[in-house]
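Hi,

Here is the structure I promised to pass on to you. Have a look at it first, and then read my notes below.

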Amino acid sequence: MAEITIKGKAYPIHFGLRTLNRFAIMRNEEFSDILTAKNALASFDAIVELAVMGLNDGAERAGSDHRFTENDVWDIFEEEPELILIVSEMFVESITPLAERLGKLPNAKRPTTKRRQK
């Protein structure tokens, strides 16, 4: 799991499938649209939302009770604007291999239900 340094302290950050799915639902977008950094990082609001989710998922995976709000992240970015680029870069580094792996999956056949003959 990756870490990001905020005000001199390291925090875990994680952009996994759960984060991407929740982000897509929150933005009312298709999951496949989120798999490109261009779509996911289209606005400051989106970057803040991703940062909140990534930091909170990272904290949860690390067993920490610390949670961030959007206001927390806006304040962090205001004080340390370089973190906007760092979070964006971390997101791209996380989703690129994920998108590549998903793109290599064979098209699975849809399960069918067969009726029992009486």
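Asp57 counts as buried, because its relative accessibility is 2% (buried means under 20% relative accessible area, exposed over 50%, partly exposed in between, with a 1.4 Å probe and protein chains only). You will find Asp57 in helix α4, residues 44-62 (helices are DSSP runs of H or I with at least four residues, strands are runs of E with at least two, and both are numbered from the N terminus).

Before you go on, please note that this is a predicted model, where local features need pLDDT of at least 70 and side-chain atom pairs count only at pLDDT 80 or more, while totals for chains, interfaces and linings use all residues. Residues are numbered from 1 along each chain as its sequence is written, and side-chain values use heavy atoms, with hydrogens and water left out.

What does Asp57 touch, leaving aside residues up to four places away in sequence? Its contacts (heavy atoms within 4.5 Å) are His14, Arg18, Thr19 and Arg22. With Arg22, the side chain of Asp57 also makes a polar contact of 3.2 Å (a pair of N or O atoms within 3.5 Å; within protein, one must be able to donate a hydrogen and the other to accept it, and residues adjacent in sequence count only if both atoms are side-chain atoms).

Now for helix α5, residues 70-79: Val73, Ile76 and Phe77 are buried there. They line one face of the helix, because they fall within an arc of 95° seen down its axis (taken from the directions from the helix axis to the C-beta atoms). Asn71, Glu78 and Glu79 are exposed on the face turned away from that buried side.

Overall, the chain has six helices and two strands.

Enjoy exploring!
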